[in-house]
Amino acid sequence: MKSKHHNFHDPRYSMLLSGINDYVKKEAKGVKGMNAKHEMVTAMSRVIEKRTAAEGGLIHRISQLLTKLLLFFKKDKKGVLDDCMEILLEYKLLKLAGLDAKADEKKEELKFSQCDPKWVEAVLVWIDAYVIHHDKPSYAKYKQLDDFAYDIPDKDLKVGLIADWGTGEEQAELVLDQLFAQQPDIILHLGDIYYSGTEEEYQDNYLDVIVKCRKKHGVNTPVYNLPGNHDYYSGGQPFYDFLSKTNSQASDYPQQEASYFVLGNSSWQLQGMDTGHNDRNVFEVGKDITHLQIKEVTWHHHHLDKGLASDKRILLFSHHQLFSRFLNIGKISHNKHLLKHFDKYLDKVSGWFWGHEHLLEIYKPFLGLEKGRCIGNGAVPIIYDEGNPYRATAKYKGSPISPIPDIIPESVVDNNGDIYANGFVMLDLKVNKEGKVFYYSILPDEELKLVHQEEL
């Protein structure tokens, strides 16, 4: 069954889609989200899909991309809008490569084409801003090792988890509404505001939806956010700008100040890390071997040692995966850098939750980690495709990778023949150090379903 949904995950084009979508929202008052069905977004999606197919999924470096830059889309033209998108795409790639003279030629081609000059100029501004901010990403550095560690109430806590959730679409709002209905004390989002973590996207696809759910449920539940790769595609500053805005009304809880943090009481330590900062290069993301800043590694070790010395139960959170059954991370199934950062702690923590992949993946023990959990099915639609997303396993250059981790059967969430269900996780953390995890999923126009539960 051919899906009506498009896949916007290709990181090379995220900022371009942000620019197009920003124009769409300004011209059509009242529309929000990713606007996946708008003719302009759909046209760019067609162009991207055609280019990706032509590349065979092999081109991740700009030098390789440029060798084929002018060879695509010269035969089968599909109308003015697609033509405009093709020229715009080529301009963006040339601009990113620093080939300004050739980029200027493409800009002139756009101006003298049949493309609407108003939207052309709007999107060109976005691209130029992207190139500037992408090279100077934001990042908060600690002054003391105990910075960014916050006390949370010393009581039984319900913690909601979502990841890859910031689409602004109806399904994202439905997921968050159902999460709020579980009455969490705290919510953690494990990264990615789409398409590129711009200021407008943070407002529309993140904060506005949170505020709406808070008002509906009559609560000011704090939401703590970790950055993913998409949050840094626009340079990361909107991520930081919205930290103070997000929880300004949640006065009973500490304000987040950085892209990594500890939330702790006498029994539990929730420790989040910034894996997005070093996965901001859209032409290298296919390698997907992100790592932490060296000083941040020192910070994490300090707090892990401190938590273990206090006999706390520790949970780790990140956007990127430590390992995967479905995607290669370089040549292997795990992130060698993250493993090196945390190897000596894996058998001591109670679990590690991450996103990045848009499936629910509940793993059996692997690499010494008892509970590795991918919960990236927050809102992005994953096409059912006759079950292939859960059948395909990680490969490198066409050859299967070994070893790969196994998932439990409950990982495979429901589908409606078109897409897989999205969902969220609830942690029930008792002050006596007992803990449970509840995995929920929901399809459009269907009821919430408890997929799996387990002891921590």
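This is a predicted model: local features need pLDDT of at least 70, side-chain atom pairs count only at pLDDT 80 or more; totals for chains, interfaces and linings use all residues.
Biologist: What span does helix α11 reach from its first C-alpha to its last?
Modeller: Helix α11 covers residues 294-309, which amounts to 16 residues. At 1.5 Å a residue the expected value is 22 Å, and the model comes close to that, with a reach of 23 Å.

Biologist: Which elements do the buried residues of α11 pack against?
Modeller: The buried residues in α11 are Glu-296, Val-297, Trp-299, His-300, His-301, His-303, Leu-304 and Gly-307. In general, residues three or four places apart in an α-helix point the same way, because there are 3.6 residues a turn. The partners of the buried residues of α11 include one helix, α12 (336-342), together with the strands β1 (149-151), β5 (261-264), β6 (268-272) and β7 (313-317).

Biologist: Which residue just after α11 takes a positive phi?
Modeller: Helix α11 runs over residues 294-309. Just after this helix, a positive phi of about 60° is taken by Asp-311.

Biologist: Are α8 and α10 roughly parallel or oblique to each other?
Modeller: Helix α8 (residues 199-217) and helix α10 (residues 237-246) have their axes 10 Å apart and pack at an angle of about 20°. The crossing of the two, α8 and α10, is right-handed. Angles under 35 degrees count as roughly parallel, and therefore α8 and α10 are roughly parallel.

Biologist: How many nonpolar, polar and charged residues does the contact of α8 with α10 have?
Modeller: From α8 the contact draws on Glu-199, Tyr-202, Gln-203, Tyr-206, Leu-207, Ile-210 and Arg-214, which meet Pro-238, Phe-239, Phe-242, Lys-245 and Thr-246 in α10. Sorted by class, the contact of α8 with α10 has seven nonpolar, two polar and three charged residues.

Biologist: Is Asp-164 buried or exposed?
Modeller: Asp-164 lies in the loop between β2 (157-162) and α7 (170-181). Its phi is near 55°, a positive value in a residue other than glycine. Because the relative accessibility of Asp-164 is 0%, the residue counts as buried.

Biologist: What is the relative accessible area of Leu-367?
Modeller: Leu-367 is found in the loop between β9 (360-362) and β10 (372-375), and its phi, near 60°, is positive in a residue other than glycine. Leu-367 is partly exposed, with a relative accessible area of 30%.

Biologist: Is the peptide bond from Ser-402 to Pro-403 cis or trans?
Modeller: Pro-403 has its place in the loop between β12 (399-400) and β13 (422-429). With omega near 0°, the peptide bond from Ser-402 to Pro-403 is cis.

Notes
Residues are numbered from 1 along each chain as its sequence is written. Side-chain values use heavy atoms; hydrogens and water are left out. Helices (H or I, at least four residues) and strands (E, at least two) are DSSP runs, numbered from the N terminus. The expected span of a helix is 1.5 Å times one less than its number of residues. Buried means under 20% relative accessible area, exposed over 50%, partly exposed in between (1.4 Å probe, protein chains only). Contact means heavy atoms within 4.5 Å. Axes are lines fitted to C-alpha atoms, for helices over the stretch in contact, and angles run from 0 to 180 degrees between N-to-C directions. Angles under 35 degrees count as roughly parallel, over 145 as roughly antiparallel, 65 to 115 as roughly perpendicular and the rest as oblique. A crossing is left-handed if the near helix is turned anticlockwise from the far one by less than a right angle, and right-handed if clockwise. Ala, Val, Leu, Ile, Met, Phe, Trp, Tyr, Cys and Pro count as nonpolar, Asp, Glu, Lys and Arg as charged, and the others, Gly among them, as polar.
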